[in-house]
Amino acid sequence: MIQIGLVGNPNSGKSSLFNALTGLNQKVGNFPGVTVDKKTGKCHLSEGVESTITDLPGTYSLYPKRADEWVTYRVLMGQDNEIQVDMLVLLADASNLKRNLLFVSQIIDLKLPVVVALTMMDLARSKGIEIDIEGLERELGVPVVAVNPRKNKGIAQLKKVMAATARHQYKSPARDFIANNELATGAIEKVKTLVHGLSDYKAVHYLINHEHFRLDDSLQVNIEETEKEFQFNHTKTQAEEILHRYNRIKLIMQQTVAEPDPLHKSLFTEKLDDLLLHRVWGYFILLSVLFLLFQSVFMIAQYPMDAIEWAFGNFSSWLSTTLPGGWFSDLLINGLVAGLSGILVFVPQIMILFGLITILEDTGYMARISFLTDKLMRKVGLNGKSVMPMISAFACAVPAIMSARNIENTKERLLTILITPLMSCSARLPVYTILIALVIPAKKIAGFISLQGLVMMGLYLLGLVMAMLVSWVAKWFINIKERSFFILELPMYRAPRWNNIFTTMVQKAKIFVVDAGKVIMVISLLLWALSSYGPGNRMEAVTSQYAQLKSSQPENVEQLEKEEDAARLANSYAGILGKSIEPVIAPLGYDWKIGIALITSFAAREVFVGTMATLYSVGEDSSEDGLFLREKMKLAKKADGSPVYTLATGLSLMVFYVFAMQCMSTLAIVRRETRSWKWPVVQLIYMTALAYLMSLLVYEIFKDVTITL
């Protein structure tokens, strides 16, 4: 089995090529010792030649700065014990060839078997760039193959060349790309005697970074003494190397690449950037994109959601009339089916949201959002790179917090981690959806703008604005002084890959149904038990009381049965728990059932809906069978006969879920990323306090406001 490393600059098409080569034969994990994604896959190259391909993190050169770049660097230097590559496939962006050739030249001088995959050829041609591939192959001394993994072009030829390289039909260039030995002649020769089998260029890196390599103590001392003996200067050597490489690259470009006049009219991409990155219009366009995003989530998903609700409502009603009475039927209908309906009804919205976000990423606009917001981010202690984790957190805070590793500045990274959970993740979406449907009219403004969609967008923006305020305050309390840089390459605009979008939508729906669904179902069944049973003396007292009432008032049996169901729920274990915290949450307009949902939501926010589905199923009478969950919640009454879900209560509860840290997984990942319990505890305290105070404020403002649905 041939071990192949896939390397290249960021945005060079590496992920697309990895998918094209490996198909569905992929595994995702972490690189040894670090929390950086590791993707591996199997690939059949030719008859008798099988390979394992590892997609290494993107890097611009062999001088790493970030944790993910160090992963790639250690593999290339042979310092990773678990990943030893036999050959490399190196991607180079044809539309930015000069910059990409720097990394290509460094890899060549490591003397590893390498195949260069030239991507973005169509983009290069649209810029008027023509490349002599045979001439480039001759000058570099390694095989060069043009590929377009998005359209599956050139993949067969690339596999053929990879197989030939694996059989050693292609050999590494006999001479270096530049005269590496002249960079530090004496020191390089000395290191090569200490470590056998090094190329001149690899010896340079041993001199520069040996402290980061897994070498025995005596070898570390000998290399350190070599540096002192020959007065080896890291910075000077690196600067000279880069200068020599670009001088040689310039000559190669002159011989093999035909470029248009620099005064040639700007491309469509550049003209589009002038508009989308405009200091005024760019922000209006960004807000418009977000507006359309949330309008679409509501308007498109409405029909499949209604269909799912209708199907489950009728199914529950049919089961109620078909199955015999008893605890098993109650468990099946009010526990299993109610919990399942609370999961599946939100799948359409989740699929649509992730599909639209994937389109923004695929087209290249998501990176523009980072660039556009950098100036604003810096004012609150962050930088443009903080935007990507924050936007990713609209999907899920856990991978978003992990992606903050790409932020080099320690303070900015910590601030990003602290505020990222304030972004409204997909787990909040089911909560927002059902509460908005309960208290916000399904009206159209100007005949086409959904009021419910506007409220949804407002909730997302509320979390974003509060995140900015929290970061601005927190930056004065975190005393870490470190220089900050923001370097971002803007990818070219491209048409979205519809297969990729569909795959992402299906994967996210599967994750929600399987991963979140398991938690929701377990808690739904547990809640059914807690809601159906209670301390024996209490439940017996309720049964005895209503048995006497039914015998004395036979004409009111139907009403008494409804009251008995409510009394049994109030005296169940769940009812006792909810009523114990009711005094704390009553000022927010919440009743004890909402209190139970707030507690169960700490496992996962979306459990709120499953909790409501179970509580309102267990506590209902037979006449309400078949009603949708939101209709049951709309009919809910407090002890004084007033409705539970007023405009004030609904808005207060939405605001609570915007700000509250109700996710154990997020707290766990913050602990892992910060290597301390201090920051998860700080996060839990400040977000809970913020949620309570803001919800109280909202309730007080709106408690006397009524609205017609």
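Student: Which residues of the largest nonpolar core touch the most other members?

Tutor: In this core of 84 residues, they are Leu422, Leu435, Phe608, Tyr645, Leu653 and Met654. A nonpolar core is a set of buried Ala, Val, Leu, Ile, Met, Phe, Trp, Tyr and Cys residues joined through side-chain atoms within 4.5 Å. Buried means under 20% relative accessible area, exposed over 50%, and partly exposed in between, with a 1.4 Å probe and protein chains only. The model is predicted: local features need pLDDT of at least 70, side-chain atom pairs count only at pLDDT 80 or more, and totals for chains, interfaces and linings use all residues. Residues are numbered from 1 along each chain as its sequence is written, and side-chain values use heavy atoms, leaving out hydrogens and water.

Student: Changing topic: is Cys43 buried or exposed?

Tutor: Cys43 counts as buried because its relative accessibility is 2%. Cys43 belongs to strand S3, residues 37–46. Beyond its neighbours within four places in sequence, Cys43 is in contact with Leu21, Val49, Glu50, Ser51, Ile53 and Lys159.

Student: How many aromatic pairs does the structure hold?

Tutor: There are 9. Rings of Phe, Tyr and Trp (its six-membered ring) pair if their centres lie within 6.5 Å; planes under 30 degrees apart count as stacked, over 60 as edge-to-face and the rest as tilted. One of the pairs is Trp70 with Tyr73, edge-to-face at 5.4 Å centre to centre and 90 degrees between the planes.

Student: Where do Trp70 and Tyr73 lie?

Tutor: Both are in helix H2, residues 67–76, and are 3 residues apart, about one turn of the helix. Trp70 is buried at 15% relative accessible area, and Tyr73 is buried at 2%. Together with Tyr206 and Phe213, they form one aromatic cluster.

Student: Which ring does Arg245 lie over?

Tutor: Arg245 lies over the face of Tyr201, 4.5 Å from the ring centre. The criterion is NZ of Lys or CZ of Arg within 6 Å of the ring centre and within 35 degrees of the ring normal.

How values were computed: Helices (H or I, at least four residues) and strands (E, at least two) are DSSP runs, numbered from the N terminus. Contact means heavy atoms within 4.5 Å.
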